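Here is my note on the model, as numbered points. Please read it with the structure open.

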Amino acid sequence: MAYTRESYELVAHALGAMPGLTEKKMFGGVCFLLNGNMLAGVMPRGPFARVGKHRESHALSLDGTEAMEMGPRKMRGFVRLSPDLVEDEARLGEVLNIALAFVGPMPPK
């Protein structure tokens, strides 16, 4: 199953045209990078955000998020986003702000 164009467009729109934001095809989907650091993306199994290990529990407390796994491996510091969260601009913005707080201060790659 491929990622949906709708989920891509919703995440891309929510991120807007911020300086340093680029896209890269990865993992069968598209990842959004901020200054070369992975921020969020859409994959065949759904959209995700990189919130960092210290912010993961906060992100997981929000309705529509769940722990992210790739195969048998739990991806610490990442959360998967449900379709209804992605369709809710306010909730999506809240999760992406958590991701931006983590990724934004990272040095450029």
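1. Start with Ser7. At 11% relative accessibility, Ser7 counts as buried, because the cut-off for burial is under 20%. The residue sits in helix α1. Leaving out residues up to four places away in sequence, Ser7 touches Val42, Pro47 and Val86. Ala101 is another matter: Ser7 and Ala101 are 94 residues apart in sequence, and their C-alpha atoms are 22 Å apart in space. Keep in mind throughout that this is a predicted model.

2. Now the overall fold. The protein chain has four helices and six strands. Along the sequence, the pattern reads α-β-β-β-β-α-β-β-α-α. The radius of gyration is 12 Å, close to the 13 Å that the globule rule gives for 109 residues, so the chain is as compact as a globular protein of that length. Along the principal axes, the C-alpha atoms fill a box of roughly 30 × 30 × 30 Å.

3. Of the 109 residues in the protein chain, 42% are buried. Take the contacts with a separation of 6 or more: 48% of them join residues 24 or more positions apart.

4. The protein chain has an accessible surface of about 6,100 Å². Carbon and sulfur atoms hold 55% of that surface.

5. How many aromatic pairs does the structure hold? There are two. Tyr8 and Phe32 form a stacked pair, because their ring centres are 5.8 Å apart and their planes meet at 15°; the cut-off for stacking is under 30 degrees. This pair links distant parts of the chain. Tyr8 belongs to helix α1 (residues 5-15) and Phe32 to strand β2 (residues 29-34), 24 residues apart. Both partners are buried: Tyr8 has a relative accessible area of 12%, and Phe32 has 1%.

6. Phe48 and Phe78 also form an aromatic pair. This one is tilted, with 6.0 Å from centre to centre and 55° between the planes. Phe48 lies in strand β4 (residues 46-50) and Phe78 in strand β6 (residues 73-81), so the pair ties together parts that are 30 residues apart in sequence. The relative accessible area is 1% for Phe48 and 13% for Phe78.

7. Two backbone angles deserve a check. Most residues other than glycine have a negative phi. Phe27 has a positive phi, near 55°. Phe27 is placed in the loop between β1 and β2. At 43% relative accessibility, Phe27 counts as partly exposed. Asn35 also has a positive phi, near 55°. Asn35 is in the loop between β2 and β3 (37-43). With a relative accessible area of 32%, Asn35 is partly exposed.

8. Is Pro19 buried or exposed? Pro19 is exposed, because its relative accessibility is 76% and the cut-off is over 50%. Pro19 is in the loop between α1 and β1 (21-26). The C-alpha atoms of Pro19 and Asn35 are 8.3 Å apart in space, and the two residues are 16 apart in sequence. That brings in Asn35 from point 7, with its phi near 55°.

9. Last, Met18. This residue is found in the loop between α1 and β1. Met18 counts as partly exposed, at 22% relative accessibility. Which residues does Met18 touch, not counting residues up to four places away in sequence? They are Leu34 and Leu100. Gly77 is 59 residues from Met18 in sequence, and the C-alpha atoms of the two are 22 Å apart in space.

Key. Residues are numbered from 1 along each chain as its sequence is written. This is a predicted model: local features need pLDDT of at least 70, side-chain atom pairs count only at pLDDT 80 or more; totals for chains, interfaces and linings use all residues. Side-chain values use heavy atoms; hydrogens and water are left out. Rings of Phe, Tyr and Trp (its six-membered ring) pair if their centres lie within 6.5 Å; planes under 30 degrees apart count as stacked, over 60 as edge-to-face and the rest as tilted. Helices (H or I, at least four residues) and strands (E, at least two) are DSSP runs, numbered from the N terminus. Buried means under 20% relative accessible area, exposed over 50%, partly exposed in between (1.4 Å probe, protein chains only). The radius of gyration is taken over C-alpha atoms; the globule rule is 2.2 Å times the number of residues to the power 0.38. Contact means heavy atoms within 4.5 Å. Accessible areas come from the Shrake-Rupley method with a 1.4 Å probe; for residues, only the protein chains shown count as cover.
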